[in-house]
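Please examine the sequence and the structure shown below. The paragraphs that follow consider how the chains meet and then turn to contacts inside one chain.

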Protein chains: 2
Amino acid sequence: MTLHDGKIRARPDDTYPTRVEDRERWLERLEPVLWSEWSSDAPISREQAGCYERDGYLVMKDIFSAAEIEALVQSSAKLRTAGSTLPVEDVVTEPGAQEVRTIFRLDEHSEAFRRLAHDRRLAGVAQFLLGDGVYVHQSRLNYKPGLTGKEFYWHSDFETWHAEDGMPRMRAVSASLLLTDNGPLNGPLMLIPGSHRTYISCRGTTPDENHKSSLKQQEVGVPSDESLARLAQTNGIDYASGKAGTLIFFDCNTIHGSNGNITPFPRSNVFFVFNAVSNALEQPFAARKPRPSFLARRGAPEPILPVPGALA
Amino acid sequence: MTLHDGKIRARPDDTYPTRVEDRERWLERLEPVLWSEWSSDAPISREQAGCYERDGYLVMKDIFSAAEIEALVQSSAKLRTAGSTLPVEDVVTEPGAQEVRTIFRLDEHSEAFRRLAHDRRLAGVAQFLLGDGVYVHQSRLNYKPGLTGKEFYWHSDFETWHAEDGMPRMRAVSASLLLTDNGPLNGPLMLIPGSHRTYISCRGTTPDENHKSSLKQQEVGVPSDESLARLAQTNGIDYASGKAGTLIFFDCNTIHGSNGNITPFPRSNVFFVFNAVSNALEQPFAARKPRPSFLARRGAPEPILPVPGALA
């Protein structure tokens, strides 16, 4: 919140202060990771639920048919071609080129991807993990060409969502569906297992309009070199690879990043962040103004009713 | 070679013209890859010799003892600390910092690394692969910290050595010994198997003093996007990983590169290029002046007499 002297001050009720001190701190996570008791009705196995709770992420393979994935790949190609007909703020093109790299609010621009977000294999799993009704906090289609793909540095999404969007608690999960094969060499999603148990309260202050640069390169809200080295040495680094159709769930506080990609093999995925309806956004905890709604849906969205069965 | 109009012209006797046309061309390799007939006296197995010939590289594990590698790691740490006492041109430090990143002419600055270069497991294998006496064309110690390691783009070493150093034929091999563990995520050496069979004659002209920028980022003498995509789609991409002590031999014309490294795990290796004594350097084939001798030893060096047994 902002005081009359223009400085951003921590809210006294903030359980996860960040970007307010002149030093970094490690705080303990206060919420559960898995919010439901597992039962045989659950949309994932007991073992999968255990992995997610322990590691902070879960990689699921072979849960979509080849036909379903092929149809999604075609939908994504059409959307990228139609990029210029979409609202300007929802589309990121490569500097100097017209090639579409990212389309935000994906579930509002495509019936196929809206249906995907509502699928029991996504929204149903998210609802189980979070033990609550869920809505889409952010969604996007990412396309990164080969040869020139840049890295994305380590961060916890929750740190940003808390600081800049006003998400109060750790009760959100991201689902990333690969639309291309992803191996270790073409910049896969890397994750630090167990990092979701610790909240790294970061040094620094959020600049105004931070999202305009942080979408390209995040400089505020990243853990220090020492913290990353300590986490990685203690916990190791894992990566999510698999064929197109591989689905990755990861907790909002799991530290992740990706290396650049000089291979000619592009990377594409769709990305949905599910938030618990009981965790609706408030005012930002460490920024002057909330980020725009293409990055963080505000208000009190209706919970999704997960849809069973194959995609149309 | 240079004519009176200042342009760099192809030599009429040049079997591997490059950087002279306004288009890229794929030419066939004219020399063998493996220059010796395998026999039971050879320093590598028949299978290893076959792999090297087929793929253009060979990864060898567990050929040094833990004590040998530990001693080399210690020697490298000492050398990096003593960086400021070495000739300025042989040492590359990080911009803005004094941390040593590269030490050239490694075999001239360190008795331990000179002994390593002469070891039967390096010089002896190189002599076998090239079917000739060998000498060290270039040597260096590389140290890349984690978190910020930048990528190195795809290239064939021979293309540069031919164009800028005047190496006439493909009769050289690089040996890279890992001094840190290297996995798929911390920017390992990536290679395109079979790419050594084709010479990609590159577009463009060599700028004067090209090595001053090309050591950081190579812009001339790199294959086109289309060539890289075609090679990678046909042949795939492999990478050389392993524990400290892993030794990689790769042919001078094998296309290779490495991704950046945002993991906190540093990468360090020592690198020796062995050239056949019959393949001594001439005038550059596509540059005005030869590169300095810390990058390419000139003259008629004596062939190495490979030393058997453990490192001291």
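How many residues does the contact take from chain B and from chain A? In this predicted model, chain B contributes 27 residues and chain A contributes 27 residues. The size of an interface is often given as the accessible area lost when the parts come together. Here chain B and chain A bury about 2,100 Å² between them, and carbon and sulfur atoms account for 72% of that area. On the side of chain B, 33% of the area buried against chain A is supplied by B:Leu147, B:Leu185 and B:Ile262, more than by any other three residues.

The polar part of the interface can be described next. Six residue pairs are in polar contact between chain B and chain A, counting pairs in which both residues have pLDDT 80 or more. Two salt bridges are found across this interface. The side chains of B:Lys150 and A:Glu151 meet in a salt bridge with an N to O distance of 3.6 Å.

Which elements give two or more residues to the side of chain B that touches chain A? They are β6 (152-155), α8 (225-235), β10 (238-240) and β12 (256-258) of chain B. The largest share of that side, five residues, comes from α8(B). By residue class, the side of chain B that touches chain A divides into 16 nonpolar, seven polar and four charged residues.

The arrangement of the copies follows.

One pair within chain A is A:Arg169 and A:Glu31, whose closest N and O atoms are 2.3 Å apart.

The axes of α4 (residues 111-118) and α5 (residues 120-130) of chain A come within 4 Å and cross at roughly 35°. The contact is made by A:Leu116, A:Ala117 and A:His118 of α4(A) together with A:Arg120, A:Leu122 and A:Ala123 of α5(A). The residues of this contact divide into four nonpolar, one polar and one charged.

How values were computed
Residues are numbered from 1 along each chain as its sequence is written. Chains are lettered from A and ligands numbered from 1 in the order in which they are written. This is a predicted model: local features need pLDDT of at least 70, side-chain atom pairs count only at pLDDT 80 or more; totals for chains, interfaces and linings use all residues. Side-chain values use heavy atoms; hydrogens and water are left out. Axes are lines fitted to C-alpha atoms, for helices over the stretch in contact, and angles run from 0 to 180 degrees between N-to-C directions. Contact means heavy atoms within 4.5 Å. Ala, Val, Leu, Ile, Met, Phe, Trp, Tyr, Cys and Pro count as nonpolar, Asp, Glu, Lys and Arg as charged, and the others, Gly among them, as polar. Buried area is the accessible area (1.4 Å probe) that two parts lose on being put together, summed over both. A salt bridge is a side-chain nitrogen of Lys or Arg within 4 Å of a carboxyl oxygen of Asp or Glu. A polar contact is a pair of N or O atoms within 3.5 Å; within protein, one must be able to donate a hydrogen and the other to accept it, and residues adjacent in sequence count only if both atoms are side-chain atoms.
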